[in-house]
Protein chains: 2
Amino acid sequence: MTTVLRKPAEFRQVCDDARANSHRVGLVPTMGALHEGHFSLIDEAKKRADFIAATLFVNPLQFAPDEDLDRYPRTLESDLAGCSQRGVDVVFAPEPDSMYPAHFQTQVSVSELTKPLEGGFRPAHFDGVTTVVAKLFNLTGPCTAMFGRKDYQQWKILSRLAHDLDMPIEVVGCPIVRESDGLALSSRNRYLSASERERALSIVSGLRRAHDAWAEGDRSVETLRTLAAERVRAEFDAVDYVSVVDPDTLLTPAESANRLLIAVAAHLGTTRLIDNVVLGEDPRP
Amino acid sequence: MTTVLRKPAEFRQVCDDARANSHRVGLVPTMGALHEGHFSLIDEAKKRADFIAATLFVNPLQFAPDEDLDRYPRTLESDLAGCSQRGVDVVFAPEPDSMYPAHFQTQVSVSELTKPLEGGFRPAHFDGVTTVVAKLFNLTGPCTAMFGRKDYQQWKILSRLAHDLDMPIEVVGCPIVRESDGLALSSRNRYLSASERERALSIVSGLRRAHDAWAEGDRSVETLRTLAAERVRAEFDAVDYVSVVDPDTLLTPAESANRLLIAVAAHLGTTRLIDNVVLGEDPRP
């Protein structure tokens with residue numbers, strides 16, 4: 001059975017005890033509403049560690065006032081069942097008050113990597129992410145922490161955070177998990193109507209088009225971008241960005257880059273979806 | 001003999017090994033130029049821990065461009081001799097490049113507590129302090145960390161930092177150490193000419209005056225402030241502040257407060273000195 005803990009001090013103790021008993025701790029931080037993407041992180045954690053901690057916390061700090069904090073899906077019971085079934089040893093599901101008690105006033109922020117892509121559209125988002133993840137890292141202690149590459153920029157930022165602050169944390173980015181038709185798994189997919197779900201496929205269709213062009217030797221950043229963007233623009237109600245950037249700096253790529261990140265963020269009705277592929281590295285989406 | 005380490009990874013390993021051998025680690029972070037104030041932190045650390053790590057690092061992040069980074073005293077050899085004599089087990093003295101390598105871009109900041117007092121005069125200072133101390137805490141791992149109360153606001157901020165970010169660090173504030181005539185020890189005292197050294201005593205004279213008035217029952221914040229400020233204003237070339245605040249929030253104190261912090265920052269020539277006393281708690285300075 002998976003142990004469920006609500007209090008930060010209890011979670012810290014369990015992780016300390018695991019290490020004292022010579023276990024390697026694998027951490028899977030989530031906002032709950034678990035799907036196969038999250039479960040793939042748990043599976044990967046089990047390859048790299050032998051005591052698996054998952055955290056379920058819808059972090060208010062990373063939502064802007066006009067975003068979907070209140071309606072973000074909370075599915076605690078099925079999340080716990082899933083964690084139990086996948087062999088998670090401990091679930092940490094704190095209340096917001098225990099993570100942010102009165103007088104809380106500390107922020108962790110990463111500068112350059114947070115500015116492009118999502119940074120232009122969710123300006124305070126990553127400060128909320130880096131702050132809560134710093135707390136989760138500190139509570140867990142030395143561990144290997146798994147993040148999904150669907151949130152590619154988040155993964156790069158958290159790798160930077162751990163490195164810059166000398167945290168004893170190995171940050172691992174895991175491949176995007178997709179439905180059989182290519183849609184990237186996301187807790188927000190459940191917001192989509194049937195027709196929106198259909199139109200959402202234009203993202204993966206655009207990414208595939210760019211991936212195919214790359215495979216055939218096309219190296220023009222503008223061409224690759226346009227190939228992806230045309231598909232997304234045709235179906236989505238609003239497009240925040242379809243960007244082609246250096247996969248490490250997230251900035252304008254070098255002329256002869258042998259890897260390119262294409263990242264997309266776009267809206268269908270009130271639902272915002274993101275997806276990406278690294279050309280020259282990832283398999284066809 | 002005290003071990004001296006330059007590389008962050010080596011320092012982390014030594015601290016990890018000490019804990020693995022059932023030692024409690026005591027941390028004394030400094031900017032070097034050690035004096036009896038620092039040595040008192042080491043002595044206090046030895047009461048609370050049995051493996052003592054001191055860090056010597058003049059942190060460029062916490063100096064503004066017009067401050068004294070370049071001329072800040074560096075006295076590595078005598079610092080090491082002092083650490084050795086006082087029984088420090090390991091000294092960590094990194095180069096700036098190993099603390100802030102290329103692409104470093106993460107900042108840790110505390111909001112409310114950094115705004116009053118020093119915050120009005122050294123606006124980016126505490127962001128530099130909290131960032132480097134977060135790194136030192138993460139490299140050291142679970143420990144008891146000692147800070148001097150001469151930097152009273154810094155001590156409160158770092159306590160907050162460790163608490164807010166759930167760091168496994170016990171932060172301890174240690175009493176100010178003074179010369180026999182009352183001058184608070186500071187690495188910057190060596191900048192003072194003989195006559196400035198004499199005039200500098202007006203700070204402790206002002207603090208004593210307020211302390212005596214408090215002891216005699218005076219509870220007027222404005223009176224206490226004026227008693228201290230008059231002495232400082234008479235001797236110093238410029239006074240940044242003489243403030244009376246709540247010792248915990250650093251904000252305007254309650255009417256019937258039973259503890260008050262009087263904090264002073266003032267300039268003699270190119271030297272800036274700070275000092276403080278907590279009325280209702282500290283002995284007469």
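Which strands of chain A does helix α3 (residues 76-85) of chain A lie across? Helix α3 of chain A lies across β1, β3 (51-56) and β4 (90-92) of chain A, and runs at about 170° to β3(A). Keep in mind that this is a predicted model: local features need pLDDT of at least 70, side-chain atom pairs count only at pLDDT 80 or more, and totals for chains, interfaces and linings use all residues. Residues are numbered from 1 along each chain as its sequence is written, while chains are lettered from A and ligands numbered from 1 in the order in which they are written.

**The sheet**

- Chain A has an open sheet of six strands, ordered β1-β4-β3-β2-β6-β7, with parallel pairing (strands are DSSP runs of E, at least two residues, and helices runs of H or I, at least four, numbered from the N terminus; two strands pair if DSSP finds at least two bridges between them).
- β1 (3-5) and β7 (169-174) of chain A sit at the edges with a single partner strand each, so one side of each has no neighbour in the sheet.
- From one strand to the next, the twist averages 25°.
- Strand β6 (residues 143-148) of chain A runs parallel to β7(A), joined by six bridges, and A:Phe147 stands opposite A:Gly173 in β7(A).

**Helices on and beside it**

- α5(A) lies across β2 (25-30), β3, β6 and β7 of chain A, at about 155° to β2(A) (angles run from 0 to 180 degrees between N-to-C directions, and axes are lines fitted to C-alpha atoms, for helices over the stretch in contact).
- Helix α5 (residues 125-140) of chain A also packs on helix α6 (residues 152-164) of chain A, at about 50° and with the axes 10 Å apart.
- The contact residues include A:Phe126, A:Val133 and A:Phe137 of α5(A), and A:Ile157 and A:Leu161 of α6(A) (contact means C-beta atoms, placed from the backbone, within 7 Å).

**Where the chains meet**

- 22 residues of chain A are in contact with 22 residues of chain B.
- β5(A) gives the largest share of chain A's side, five residues.
- β5(A) pairs with strand β5 (residues 106-110) of chain B in the antiparallel sense over five bridges, and A:Val108 stands opposite B:Val108 in β5(B).

Note on methods: Contact = placed C-beta atoms within 7 Å.
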